[in-house]
Amino acid sequence: MKILRWSITFNFFLIFCLSINNSAFSKNINVPQEIQFNLNNSEYNKYLRRSMKAYTDGELYGKKNIKKKYKKWVKAKILINQKKINAKIRILGDWKDHLRPPQTSLKVKIVDDSYHGITRFNLFLPETRKGENEVFWTLMLKKLGFPSLYTRMIDVNLNGNFYRAIFQEDATKEFLERNSLTETVILKKNDFGFYLNNNERKIYDDFFSSSFVIDNNNFLKNDIANFIASEAIASKSNINFDNQVANENFFTNIHQKYASHGLDDINRKYIYLPYKKVFLPLYYDGNVQFLPGKTNCKRKVINKIILDFEKEYKKLTKKNLSKMQKCVFEDIYNLSLNNINEFEKFFLSKDFNFKKINEYSEIKIKIFDYFKNKKIYKINTILNISEKMMIYTFVYNDKFFNCYLSVKNNNLKLCQEISGKKYSKFISESGRYKLTNNFKTFPINLGSLNKEVPIIKLAGNAKEYHIDKNATYHFVKANISKQDLKFIFKNKKSKLFIQGNFEDVNFNFKKDFNHDDTESDSTRYDKNLLTGCVNFFNSSFKKVTIKSSNMSCEDSVNIKNSQGDIENIQINNSLHDGLDIDFSKLKIKNIIINKAKNDCLDVSFGQYDIKKASLKNCGDKGASVGEKSNLYLKNGYISNSKTAIASKDDASTNVDQIKIEDVDTCLAAYNKKREFKGASISVRNFNCSKFKTKKRFDDQSKILISNEY
């Protein structure tokens, strides 16, 4: 559907003028029409008892929620083609419409495998999400270019208990990658309001109690991830927050017409892009309804577009589009076409220096006053809390804290430094609380009180730029042609972000400072989620050359979400990876990489056509081809590395001619990540000398050599 992909406004940002979502690395999920669970008697009885108790505990038909104590995991097996995979299931939902014992909405997580590439998903009883309307809406948002959770109707067999459900994936790393996004923060509101009584609710209303948590807590693997998440949380408290959300007006308008429940604070979710300081809206639980009088049924779209949409909708639901659904799709599709110019302007000219006026300024002042004048308790100090307290969590000077504020007199009683691990629980566990004097104390997450890593915009038309501050430099240009550009790095913490359309441009990147080559950071990315010293994002290339030397970041050069033709890439002496390319579609005439302490060339999630490559002195792999990539190499030379070519995780590597020498392993193909399968390597003309192992592959992968010389 390339016509649609190029037409829709939001897609301009999501893949930045690329129409690559239909390529091999981004195939649609193919979840079958039915799922079968097998639980042993003990686990099944636990599930039945909890579902019945959850249903009868409190009012049956009032505004009573499902208590958290009934949402405990039980072990299950899922049958896939005669293979059983380990899983865990539990009751899902806030209100009791999710309970129809013995049938319930279910949350499912796969333990050590994946279910057709998905590791976590939900099964909603149809009436809780308006049945097929939920499938229609998520599919439509996907066609409009919004990140959208894979959703379909599915038949459930739970130990012989058959029922219909809505299958919807969780917002995980795999979901983000399928939408051409690097794993990052997904933000949502803490749902503790469900668990407050009237007296407690009044107390929370009297204090700053807006709190947000991370929906994908698996992202919080280290302190840098905690800092990124905290910056996202703090941004949500900005009274100008809507200005940071991409295409928010259009998203809001269409949901107000048909899915207003999805605009409730408790249902809003946002994907955070720290290198741009912006958010992408993520739809969740809109209670989609098509009421009479809200739709303009006179708007029409290209016939092929509506036919393709109808075909995919029927595949997901076993039903045809209704006349009203067709009318709604055509109406919204046409509305989206009116936003193209405004959307382009937002992302190409935005300076990203948003004026921030935080809602929590009063408690922030109290915290800073306390830090100046009173004692900060150390990590693991045992605190005796004997009165009703509010608890605020935050990052300050790259350390993690919580502060207790007295409900009685509105003064801070104490503040304590906490570990990063404990802090990550505060900002990821929705609905968790601590009792203080019989009062439910939920953490109010303030996010980051740090000064953010600044973004410096490189303006003007200089030929040489000095990158000399602990900052992220933005070089964003709509179009540049026939120029030689030099960027000199003078600070080891500097990063360069480049975006634009480049034709006949020669880029030259050099380091000009002393750096200990043994110095290493265990975290691949920085606080802006950048891995490269040089980061080309969302760019288009034509007759471009790139040169880099002596860079010390995780990647010397990282290219993401980009397309086009590059004449030459030359990288010398990288402390880690030389060249890393993700989510892109590129043709490259020549690559020369020498001395990379990790991989010389690393590609993933894309289509890459390389005419010639010379990869020497690579500390790990000469060429690493991963995650559904298609790599075609016409002529290559690889020497002095551990593995010459590694193809993994649904990647396909095809080589016309390759000469390899002085390596441990010539060719390796294997599965590494559980959401993928094996990989393949096909070589027409193969020459490998001075090696220990010629071919290494697992039972999911294959290596084919046509001719050795």
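Which residue does a disulfide join to Cys533? The partner is Cys553, with an S to S distance of 2.0 Å; a disulfide here is a pair of cysteine sulfur atoms within 2.5 Å. This is a predicted model, in which local features need pLDDT of at least 70, side-chain atom pairs count only at pLDDT 80 or more, and totals for chains, interfaces and linings use all residues. Residues are numbered from 1 along each chain as its sequence is written, and side-chain values use heavy atoms, with hydrogens and water left out.

**The chain as a whole**

- The chain has 13 helices and 36 strands; helices (H or I, at least four residues) and strands (E, at least two) are DSSP runs, numbered from the N terminus.
- The radius of gyration, taken over C-alpha atoms, is 27 Å, close to the 27 Å that the globule rule gives for 709 residues, so the chain is as compact as a globular protein of that length. The globule rule is 2.2 Å times the number of residues to the power 0.38.
- Along its principal axes, the C-alpha trace spans about 75 × 65 × 55 Å.
- Of the 709 residues, 58% are buried; buried means under 20% relative accessible area, exposed over 50%, and partly exposed in between (1.4 Å probe, protein chains only).

**Disulfides**

- The link of Cys533 and Cys553 is right-handed, with 95° about the S-S bond. Cys533 is in strand β25 (residues 532-537) and Cys553 in the loop between β26 (540-549) and β27 (555-560), 20 residues apart.
- Cys600 lies in the loop between β30 (585-596) and β31 (601-604) and Cys618 in strand β32 (residues 607-626), so the pair ties together parts that are 18 residues apart in sequence.
- Cys666 lies in strand β34 (residues 652-670) and Cys688 in strand β35 (residues 680-697).

**Ala459**

- Ala459 lies in the loop between β21 (455-457) and β22 (464-467), and is exposed, with a relative accessible area of 55%.
- Leaving aside neighbours within four places in sequence, Ala459 is in contact (heavy atoms within 4.5 Å) with Tyr465 and Lys477.
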